[in-house]
Amino acid sequence: MASTSKGKEPDNPARLRRRQNQGSHAPSLTSENNQNDEHIAEVYQSPRSRSQAEQLLDTPNASIIVVAVLTALAFALRFYKISHPDQVVFDEVHFGKFASYYITRQYYFDVHPPFAKLLFGLAGWFVGFDGEFTFDNIGDNYTLNNVPYIGMRALPAVLGSLTVPVVYAIMKESGYSTIIAAFSAILILFDNAHITQSRLILLDATLIFFMSLTIYSYVKFRKLRYREFTTEWWVWLVLTGVFMACTWGSKVNGILTVVCIGCAVLIDLWDILDYKKGTTMDYFWQHFAARAIGLILVPFIVYLSFFYVHFAILVQSGTGDAFMSPAFQETLAGNEMLMSSAEIRYFDTITMKHKDTKVFLHSHVERYPLTYEDGRISSQGQQVTGYAHNDTNNFWQIIPTKAIPETGRGRVVRNGDVIQLLHVNTHTNLLTHDVASPLMPTNQEFTTWPADDHKNYNDTLFQVALVDNVDGAAWKTKSGYFRLIHVPTKVSMWTHTTPLPEWAFKQQEINGNKNSVEKSAVWFVNEIVESGDPEGLDNRLDDKPHKQPKSMNFFRKFAELQLLMLQHNAGLTASHPYASTPINWPFSLTGISFWTENETQKQMYLIGNLIGWWACVVGLSIYVGVLGADLIARRRGMDPIPDPVRNRLWNNTGFFMLVWGVHYLPFFLFSRQLFIHHYLPSHLASALIAGSVLSFVLSDTINFPISLRGPKTRAQPTQYADVGTKGVVITAIFSLLMFFMFSFIAPLTYGTPGLTGDEVNSRRLLSTWTLHFAAKKTFDA
């Protein structure tokens, strides 16, 4: 480390020294009179004793100039050629579409919370977008369809640009020099991946911006810990909660920011609980209650408000209807369930569809083979299958198992009723029994039995179990989701997408699932083909074409949507050509092809600035190594690092490390599709760590103290960091290298200009990058 010997030195000047064995311990000091995590400095300095470069840059005016230049550059780089390409790029096909739905007020479903998409909808409305363009395909032209896409892309560009000064402010508030704060900001400023994400209608710029604001607010809050319960203390506590909710509301992985702040707060409360500091339990519970209000209650209310606005806007039937429950769908104007739902009565002839796979319950005269390929024996009964197309073999008549009146509402089929289902074309009753199904030996075979043969009567009895409905509720078409439970064996009629062999025409297997409440064993009546009621069908249809949507409690809608979001997010397991594993992300080994244009050989490829990303990896490695070496040295009775510097490394840089780890390590446990852009929040945290490590390497001291004195805290001896002229030189050289690398791969970032095959090859800096239009390598004979 660099030496800064201009200031006064303590009596023991050695950086690596033995601990003094003391016969007695000094009395413990309470948190009210000692800034316990920033001990008395071992190196005292005068601000005038620092290098000229440090003194020049460490003035308010110099700091303003530096952050202004960084911010201006950030806006310039992110708005440069933002109109290119004038086509739908990558996930704009999703998030642009969702913005259009807000403008047309059509309900949609997505795995991510709505906050960032609401902002896109607002931006689109503000610039005059009418929502008619639906972003159907990557490559669809904005200009030809008169879409004001630049205004919509400007939103993430602004937020991505503002992230740079927020990173700078985090470092300054954490006590680092202006040049160190600029270093961390430059890692984000010239990063190609951050710039790419910030120029398109994507969610990550919003996520990262509010995550950085959350970090900034929490740092400010912690600096006020000796002025607890003051107005300013409460303001930064609540702002931390608000920004945290905005992060969570922007994208589903924003929940990791909530976990991160939660971990930091638990560590903080654990420290307050220490009886050696003289604190009482009343004092502890006051702090606990304050944090519960600011970091649990307030964020939850803010998060709820996003969904309240979401539901208030999306009141028309749309593409997301089918994901929701019948009760939810009936709250949407124009929904098919709302408009076409009719009560089902005994002797009605109906068609039934499986909710998930949308196949009809079907039967035909062909029978199961006597033996299957694995040697098992069937009943040779009539085949019952799932068929994707409309057909008369899908017609089933509902037969009562109890006495019913000739007319009136006593003929309505209700939740819990036991029925028989008669296959109309073959005059046989649906049946299941203790015979293994063709494809699943653990599940029961479904077949039929002649209606005039009562020998197996009990095996033809099924109970209608409506989903989320009370006993006695009427069974309805479209909205009456149900399970069909076999009375004797309690299996539930179920299907799956694996097709049967040729002997069943590759239709879907229908079998009996022994889990009677299996969530995928849900069906609905598609239509009433023929009424068996003397009163006919017309009197049952709600003949009110302008029927008003039903109401549903907001919290029920919220809970239903949250559960579906979690389920569908976990279900994104299909392979993708640009999916990658987390171990590759810190090194920027793989990227994502966002957009290509064959005629001009232009392409947009998401990849990080290698110099910046690898510098962050080096910073992370040095940080872990320094802490490890310090722990070993202290174990052997040596103090290699002064207490203020050590506390800054553990408390402040340790918090940045917590942000990095919480936003990165959980992805190793995920089985869903993963992409390099999932690492961008952790990359921002690693930029903060890299700046902190650079400060540690260049300066023996830190700016101390940085926390604001409380009314009962005593003044601490002041010291100042001094990264010197070498800090300016290193940062300047590093910035030039970052800019050179950024410029070199800028054609991949901006999607222009087009590159020849050889130029593409030259920019393929790693063999793992999958770029388009690369020239084939040729070899001389």
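Student: On what basis are residues numbered and values counted here?

Tutor: Residues are numbered from 1 along each chain as its sequence is written, and side-chain values use heavy atoms, with hydrogens and water left out. As the model is predicted, totals for chains, interfaces and linings use all residues, local features need pLDDT of at least 70, and side-chain atom pairs count only at pLDDT 80 or more.

Student: How many salt bridges does the structure hold?

Tutor: Side chains of opposite charge can pair when their charged atoms come close. A salt bridge is defined as a side-chain nitrogen of Lys or Arg within 4 Å of a carboxyl oxygen of Asp or Glu. By this criterion, the number of salt bridges in the structure is 18.

Student: How many residues apart in sequence are the parts tied together by K223 and E173?

Tutor: The side chains of K223 and E173 form a salt bridge with an N to O distance of 2.7 Å. K223 belongs to helix 8 (residues 204-223) and E173 to helix 5 (residues 149-173), so the pair ties together parts whose separation in sequence is 50 residues. Helices here are DSSP runs of H or I with at least four residues, and strands are runs of E with at least two, both numbered from the N terminus.

Student: Is K277 buried or exposed?

Tutor: K277 forms a salt bridge with D271 at 2.4 Å, N to O. Buried means under 20% relative accessible area, exposed over 50%, and partly exposed in between (1.4 Å probe, protein chains only). D271, at 33%, is partly exposed; K277 has a relative accessibility of 13% and is therefore buried.

Student: Which side chain is joined to that of S580 by a polar contact?

Tutor: S580 lies in the loop between helix 14 (554-570) and strand 14 (592-597), and its relative accessibility of 10% makes it buried. A polar contact is a pair of N or O atoms within 3.5 Å; within protein, one must be able to donate a hydrogen and the other to accept it, and residues adjacent in sequence count only if both atoms are side-chain atoms. At 2.8 Å, the partner side chain is that of W585.

Student: How many residues does the largest nonpolar core have?

Tutor: A nonpolar core is a set of buried Ala, Val, Leu, Ile, Met, Phe, Trp, Tyr and Cys residues joined through side-chain atoms within 4.5 Å. In the largest one, the residues with the most contacts inside it are L70, I215, F594, F655 and F656. Another core, lying apart from it, has 28 residues, including I344 and L430. The size of the largest core is 159 residues.

Student: Which helix gives the largest share of the nonpolar patch?

Tutor: W270, L273, M281, W285 and F288 make a nonpolar surface patch of about 580 Å². L273 is located in the loop between helix 10 (255-272) and helix 11. The largest share, 3 residues, comes from helix 11.

Conventions: Patch = residues over 30% accessible without salt bridge, like charges linked within 9 Å, V, L, I, M, F, W, Y side chains within 5 Å. Areas by Shrake-Rupley, 256 points an atom, 1.4 Å probe, with all protein chains shown as cover.
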